[in-house]
Amino acid sequence: MSHYDAIIVGAGAGGGVAAGVLAREGKRVLLLERGPHSEFAQVPRDHLRNQRMSFYGHNAGPDVDGNPRTLEDGSIVLPHERGYQNNAAMVGGGTRVFGAQAWRFMPQDFHMASTYGVPEGSSLADWPIDYEVLEPWYERAEWEIGVSGTDSAMTHLPPYKRPYPMPSLAPNTSMRTHLKGLENLGWQALPMPQFINSEDYNGRQACIRCQHCVGFACPVEAKNGTHNTTIAAALRSGKCELKSGVMVERIDCDDGGRVRGVKWIDNGGRRGSATAEIVIVSAGAVESARLLLNSATTREPQGLGNHSDQVGRHLQGHYYPMVIGLFPERMMDNQGPGGGVATCQFNHGNPDVIGGGMLADDFIVLPIISWKMYAPRDIPRWGHAAKQFMRDKYRCLGDIKGPVHEIPSPDGRVTLDPKVRDKFGIPVAHLSGTTHPETVRTASFMYERAEEWMRASGAQKVWGYRPDLRLSGGQHQAGTCRMGEDPAQSVVDPWQRVHGHDNLFVLDGSVHVTNGGFNPVLTIMATSWRAAERIVEQW
Amino acid sequence: MFSDQQLRTLHAAIDRVIPPDDFPGGVEAGVADYLLRQLGRDLAHLAQDYPRFTDALEAEAQAAHGQAFVALGDAQQYALLALVERGEVQAVWPLDPATFFAQFIEHCAEGYYSDPGNGGNRDGVAWRMIGYEVNG
């Protein structure tokens with residue numbers, strides 16, 4: 001059996017960063033990914049099957065067949081169906097097909113409980129680390145992965161010690177219009193920081209402003225994920241072996257709590273295993289929790305790290321209030337990626353609600369998504385008028401939305417389904433509960449701010465979607481292996497080592513105590529960078 | 001899956017949902033091709049219901065006008081489909097008219113506005129109509 005210094009389960013944002021750090025330090029790494037290592041052409045520009053609109057399937061995994069989950073009402077859901085809480089399954093994970101927003105959380109995001117108090121029934125808590133601790137790692141990720149942005153515009157954060165490595169992308173029509181709206185209101189306005197090359201960077205070219213950014217792979221690799229940065233470097237170093245198309249079945253652990261290695265099954269049904277000095281779990285908040293729960297031992301019959309019944313709880317993602325506006329002029333000028341102007345005016349300090357969130361204009365909207373979700377409700381859905389609306393108004397629609405900082409509930413959780421198994425025969429994730437209802441109040445408040453902004457930008461007609469109470473997760477999934485000092489109330493310590501296990505770590509969004517009012521990927525990268533460097537230091 | 005007559009009814013209905021004007025209607029743009037492909041794939045669970053739907057449209061035309069659906073003028077076809085949309089039908093329907101029609105509209109739009117790789121939106125004609133460009 002092969003022996004490695006480290007085995008990493010999952011080649012997304014967290015695992016990809018860990019692979020890069022460990023390989024650079026000379027460690028022999030085995031990086032395992034259940035999805036494929038795809039070329040651009042293998043991530044189709046299918047408008048009905050992509051990470052933005054998974055109507056009939058996904059372009060970036062997981063496969064519709066053989067990967068079910070179950071819900072509280074007893075139903076079995078497939079990866080493209082509502083309630084599944086899917087994230088991409090491929091080398092690079094979500095970073096291969098994301099919208100590439102590169103947000104730092106705010107200092108207050110790490111202190112939600114002490115800032116707002118803990119509403120009854122919620123598991124709102126402070127992080128054991130703060131912005132100051134993460135700041136150098138945010139900066140590291142911004143430079144090594146590659147972010148374009150304008151640090152001087154990030155007035156909601158302490159001053160940056162180092163600017164972004166690339167300037168912001170030039171604004172398009174939507175950005176200019178919505179910037180005017182923010183100016184009219186006197187609200188903070190900033191160009192969204194993005195993992196997108198605005199100029200040649202790290203040997204890859206600048207963005208060509210195409211119309212298939214979010215939900216799709218970049219045709220020129222100007223969108224920076226782990227697949228073309230840290231993982232690519234790890235593979236070049238010769239120290240990292242990548243196995244794609246393998247599903248890890250369990251982590252092997254001895255009676256003393258020391259992890260020995262992992263067992264997997266590949267897509268052809270062949271079993272394999274390897275041993276290592278350490279194991280890093282980076283499978284995303286649903287699958288990381290599932291793997292720990294599926295790795296029970298006689299010492300921990302409820303699953304690894306689950307002695308306090310914390311693994312899988314506090315599942316959270318983001319509610320997205322969304323407001324659509326019809327403008328007298330064209331908003332869509334075909335200059336991708338589309339979204340680009342944001343405000344952090346309402347992330348904190350709002351009257352009567354807990355937290356808040358960032359708001360931004362959105363990416364270029366695919367025509368079929370526009371038809372399905374953006375058409376005003378008083379326009380006929382068929383016949384001449386429906387066609388005429390798309391013809392005349394598709395390019396005159398704008399939308400504003402943003403991630404709301406969720407108030408977690410211990411009942412929003414991942415457990416194992418006692419009966420249903422995936423195509424490998426592994427018990428699947430069962431999802432139950434909801435986010436705490438306070439989240440709905442904050443989301444409604446943010447919806448109203450989005451409406452205000454949309455009107456100030458000049459929309460003639462405004463409508464949208466107010467979020468309802470539900471379980472959250474999806475592409476921003478987090479919280480299921482919460483970080484904390486106290487093993488009774490958390491799964492990993494502040495260095496992301498699983499309590500009670502010297503050589504088992506979780507490096508992904510699972511460790512987030514709360515998930516910020518921002519896209520969480522830069523925070524996943526920053527925490528993973530910090531934890532991986534610590535692992536190497538203490539080797 | 002469809003008889004010739006059923007297919008003619010389907011085509012007529014598609015062209016009322018997305019009618020031709022100075023840009024192609026649904027059928028010319030490949031919506032029927034999209035739908036037939038999907039009925040063998042993601043919409044296989046509706047492969048039996050679609051012929052029933054066209055038969056029901058036909059029965060509805062006979063009940064209301066004593067004529068085949070395809071023999072009606074465009075305006076009569078619109079009016080008849082508008083009643084179907086509201087569930088106000090005269091014939092006996094083997095499926096819920098309003099629910100099925102709402103689904104049918106979605107499928108027509110998917111064929112018309114999604115990428116040509118899915119079998120409809122021939123040569124990207126719907127994207128040209130609305131001004132969605134693809135570069136790169």
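Mentor: Helices (H or I, at least four residues) and strands (E, at least two) are DSSP runs, numbered from the N terminus. Residues are numbered from 1 along each chain as its sequence is written, while chains are lettered from A and ligands numbered from 1 in the order in which they are written. The model is predicted, so local features need pLDDT of at least 70 and side-chain atom pairs count only at pLDDT 80 or more, whereas totals for chains, interfaces and linings use all residues.

Trainee: In which loop is Glu221(A) found, and is Glu221(A) buried, partly exposed or exposed?
Mentor: Phi of Glu221(A) is near 55°, a positive value although the residue is not glycine. Most residues other than glycine have a negative phi. Glu221(A) is found in the loop between E5 and helix H5 (230–237) of chain A. Because 18 other C-beta atoms lie within 10 Å of Glu221(A) (buried is 20 or more, exposed 12 or fewer, in between partly exposed, with C-beta atoms placed from the backbone), Glu221(A) is partly exposed.

Trainee: And is Asn121(B) buried or exposed?
Mentor: Asn121(B), which also is not glycine, has a positive phi near 45°, and it lies in the loop between H5 and H6 of chain B. Because Asn121(B) has 27 C-beta neighbours inside 10 Å, it counts as buried.

Trainee: Which residue is joined to Pro337(A) by a cis peptide bond?
Mentor: Most peptide bonds are trans. One cis bond joins Gly61(A) to Pro62(A), with omega about -5°, and Pro62(A) sits in the loop between E2 and E3 of chain A. Pro337(A) is in the loop between E10 and strand E11 (341–343) of chain A, and its cis bond, where omega is about -5°, is with Gly336(A).

Trainee: How far apart in space are Pro44(A) and His58(A), C-alpha to C-alpha?
Mentor: Pro44(A) is in the loop between strand E2 (29–33) and strand E3 (69–71) of chain A, and its 18 C-beta neighbours inside 10 Å are why it counts as partly exposed. Pro44(A) and His58(A) are 14 residues apart in sequence, and the C-alpha to C-alpha separation in space is 9.0 Å.

Trainee: Which strands are at the edges of the 6-stranded open sheet of chain A?
Mentor: The sheet has the order E5-E11-E12-E13-E10-E16 with antiparallel pairing, where two strands pair if DSSP finds at least two bridges between them. Inside that order, strand E10 (residues 322–326) and strand E13 (residues 397–401) of chain A are joined by 5 bridges, and Leu326(A) stands opposite Leu397(A) in E13(A). The strands that pair on one side only, and so form the edges, are E5 (190–191) and E16 (461–465) of chain A.

Trainee: Which residue in the turn between E7(A) and E8(A) has a positive phi?
Mentor: Strand E7 (residues 246–253) and strand E8 (residues 259–266) of chain A are antiparallel and share 7 bridges, including that of Ile251(A) with Val262(A) in E8(A). The two strands form a hairpin with 5 residues between them, and the turn residue with a phi of about 90° is Gly257(A).

Trainee: Which helix gives the most to the side of chain A that touches chain B?
Mentor: In contact are 23 residues of chain A and 25 residues of chain B, counting residues whose C-beta atoms, placed from the backbone, lie within 7 Å. Helix H7 (367–374) and helix H8 (384–393) of chain A each supply at least two residues of that side of chain A. With 4 residues, the helix that gives the most is H8(A).

Trainee: Which elements of chain B do the buried residues of H7(A) pack against?
Mentor: The buried residues of H7(A) are Pro367(A), Ile368(A), Ser370(A), Trp371(A) and Tyr374(A). They pack against E10, H8 and E13 of chain A, and, in chain B, against H5 and helix H6 (125–130).

How values were computed: Two residues are in contact if their C-beta atoms, placed from the backbone, lie within 7 Å.
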